[in-house]
Amino acid sequence: MSVTVRYTCPHCDAVHSLERPPDLADRSVTKLAQPGWEYADPDDPDREAADGIAFVCGEDGPTTDLEGDPVEGCGRPFYLNFVRYEHGVELEPDPPTYGGPRFDFNA
């Protein structure tokens, strides 16, 4: 069983649809890849085992506007980031994809 999931390009608001298993572990959609994360292509059969999916707006399948009308897309990359775990503990993205700025004064 699969479900159609829609992801909006953060650059231009074009919508990309993708068939996925119903047990999703999506965290965020970002303009930049998370450092150290490995991304799969949308058509990769093993994409659920990756850390996320890398899209190129308008080049990875049909692209529509929010109403469902076909659009070209902007051609820029964006990234779907999955929730990641290590030793049963959820890992935070680096940099965080939520909240305000993050300052590391211990570096």
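Which residues do ring pairs link into a cluster? Tyr7, Phe55 and Phe78. The points below build up to that cluster and then go on to charges and cysteines.

1. **What you are looking at.** This is a predicted model, where local features need pLDDT of at least 70, side-chain atom pairs count only at pLDDT 80 or more, and totals for chains, interfaces and linings use all residues. Residues are numbered from 1 along each chain as its sequence is written, and side-chain values use heavy atoms, with hydrogens and water left out.

2. **Overall make-up.** The protein has zero helices and nine strands. Read from the N terminus, the elements run β-β-β-β-β-β-β-β-β. Both kinds of element are DSSP runs, numbered from the N terminus: helices are H or I with at least four residues, strands are E with at least two.

3. The protein has 107 residues, and 29% of them count as buried. Buried means under 20% relative accessible area, exposed means over 50%, and partly exposed lies in between (1.4 Å probe, protein chains only). The accessible surface of the protein comes to about 7,000 Å². Carbon and sulfur atoms own 51% of that surface. The areas come from the Shrake-Rupley method with a 1.4 Å probe; for residues, only the protein chains shown count as cover.

4. Strands of a sheet pair through backbone hydrogen bonds, either parallel or antiparallel. Here an open sheet of three strands has the order E1-E2-E6, and the pairing is antiparallel. Strand E1 (3–8) and strand E6 (63–64) are the edge strands, each pairing on one side only. Two strands count as paired if DSSP finds at least two bridges between them.

5. **How the strands line up.** E1 and E2 run antiparallel and are joined by six bridges. Across this pairing, Tyr7 stands opposite His16 in E2. Strand E2 (residues 15–20) also pairs with E6 in the antiparallel sense, over two bridges. There, Val15 faces Thr64 in E6. E1 and E2 form a hairpin with six residues between the strands. In that hairpin, Asp13 takes a positive phi near 70°.

6. **Aromatic pairs.** Rings of Phe, Tyr and Trp (its six-membered ring) pair if their centres lie within 6.5 Å; planes under 30 degrees apart count as stacked, over 60 as edge-to-face and the rest as tilted. The count comes to three aromatic pairs. One of them, Phe55 with Phe78, is stacked, at 4.9 Å centre to centre and 10° between the planes. Phe55 lies in strand E5 (residues 52–56) and Phe78 in strand E7 (residues 77–82), so the pair ties together parts that are 23 residues apart in sequence. Phe55 is buried at 3% relative accessible area. Phe78 is buried too, at 0%.

7. **Salt bridges.** A salt bridge is a side-chain nitrogen of Lys or Arg within 4 Å of a carboxyl oxygen of Asp or Glu. The structure holds five. Asp26 meets Arg20 at 3.1 Å, N to O. Asp26 is partly exposed, at 28% relative accessibility, whereas Arg20 is buried, at 1%. Arg20 also bridges to Glu48, with the closest N and O atoms 2.6 Å apart. That pair links distant parts of the chain: Glu48 sits in the loop between strand E4 (39–40) and E5, Arg20 in strand E2, 28 residues apart.

8. Glu48 is partly exposed, at 33% relative accessible area. Glu48 has a salt bridge with Arg47 as well, at 3.6 Å between the closest N and O atoms. Arg47 is buried, at 13% relative accessibility. Shared partners join Arg20, Asp26, Arg47 and Glu48 into one network.

9. **Cysteines.** A disulfide is a covalent bond between the sulfur atoms of two cysteines. The cut-off used is a pair of cysteine sulfur atoms within 2.5 Å. The structure holds zero disulfides. Cys12 is partly exposed, at 33% relative accessibility. Cys57 is buried, at 1% relative accessible area.
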